[in-house]
Amino acid sequence: MSLALHHHPLSSFCWKALIALYENDTPFDPVIVNLGDPTERAAFAALWPMTKFPVLEDRARGAVVGEASVIIAYLDAVAPGRTRFIPADPQAALRAHMLDRVLDLYVQIPMQKATGDALRPGDARDPHGVAEAEALLGRAYDYLETQIPETGWALGGAFSLVDCAALPALFYGDLVAPLTRDHPRLRAYLRRLIAHPPVARTLSEAAPYFAFFPGARMPDIARAGRWGDD
């Protein structure tokens, strides 16, 4: 098979790429990499020196593509399907890229800061840094609450890059800094995302690894349609 995705099922940024692949039923070889195994880590570093997930390998074209947003743009270009992830309209495309950056930089990154801190030994933890990360998460939630429509997908039309980015960001973000009643649109949007079949498939594949997420309030995938209800 031409395309191979090097990833791990628990990685939030890998979910972003997996959702895009499943959305268009794009054929690919899933290559799960255990970075804790020295041999697998060395092989992955030889492919992508950054050793960061995910990485798409296009064997037919001899291309190695890192970064989930770039992978999705690459899929739009070389393996287009029924869903186009970056809108053709330039203004809509700019909005998609902006919201994608907000979700990655101001939700995913601070979420990972707080999660990573929980894995550190007690004397190496950074409570001040975690407090800053959680505050940034709160500001990002407040902003996104004003940007996401009450119904449908993030851009108001078809499923897009933004929706691929939003699921892992909001799913894991909600575990670190829970969405509250001040964010009804985000809570409803997260429920819509979880119910979407490509997302449900991604979550089901990740479920066996959820126990490794520190301090997680991980949902029962069978209850995904009620996620976020009180």
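Helix 6 has 16 residues, and at 1.5 Å a residue it should span 22 Å. Its end C-alpha atoms are 23 Å apart in this predicted model, which agrees with that expectation. The helix is mostly covered, as 16 of its 16 residues are buried.

In soluble globular proteins, nonpolar side chains tend to be buried together.

The protein chain has eight helices and four strands. Read from the N terminus, the order is β-α-β-α-β-β-α-α-α-α-α-α. Of the 230 residues in the protein chain, 48% are buried. Contacts between residues at least 6 apart in sequence were also examined. Of these, 69% join residues at least 24 apart.

The axes of helix 7 (residues 184-195) and helix 8 (residues 197-206) come within 5 Å. They cross at roughly 80 degrees. An angle of 65 to 115 degrees counts as roughly perpendicular, and helix 7 and helix 8 are therefore roughly perpendicular to each other. On the helix 7 side, the contact involves Leu 193, Ile 194 and Ala 195. On the helix 8 side, it involves Pro 197, Val 199, Ala 200 and Leu 203. The residues of this contact divide into seven nonpolar, no polar and no charged.

Most residues other than glycine have a negative phi, and most peptide bonds are trans. The loop between helix 2 and strand 3 holds Thr 51. Thr 51 is not a glycine, yet it has a positive phi of about 50 degrees. Its relative accessible area is 15%, so Thr 51 is buried. Leaving aside neighbours within four places in sequence, Thr 51 is in contact with Leu 35, Arg 41, Phe 44 and Ala 45.

Pro 54 is placed in the loop between helix 2 (38-47) and strand 3 (55-58). A cis peptide bond joins Phe 53 and Pro 54, with omega about -15 degrees.

Glu 67 provides another positive phi, near 75 degrees, in a residue other than glycine. Glu 67 sits in the loop between strand 4 (63-66) and helix 3 (68-78). With a relative accessible area of 48%, Glu 67 is partly exposed. Thr 51, by comparison, is buried.

How values were computed: Residues are numbered from 1 along each chain as its sequence is written. This is a predicted model: local features need pLDDT of at least 70, side-chain atom pairs count only at pLDDT 80 or more; totals for chains, interfaces and linings use all residues. Side-chain values use heavy atoms; hydrogens and water are left out. Axes are lines fitted to C-alpha atoms, for helices over the stretch in contact, and angles run from 0 to 180 degrees between N-to-C directions. Helices (H or I, at least four residues) and strands (E, at least two) are DSSP runs, numbered from the N terminus. Angles under 35 degrees count as roughly parallel, over 145 as roughly antiparallel, 65 to 115 as roughly perpendicular and the rest as oblique. Contact means heavy atoms within 4.5 Å. Ala, Val, Leu, Ile, Met, Phe, Trp, Tyr, Cys and Pro count as nonpolar, Asp, Glu, Lys and Arg as charged, and the others, Gly among them, as polar. Buried means under 20% relative accessible area, exposed over 50%, partly exposed in between (1.4 Å probe, protein chains only). The expected span of a helix is 1.5 Å times one less than its number of residues.
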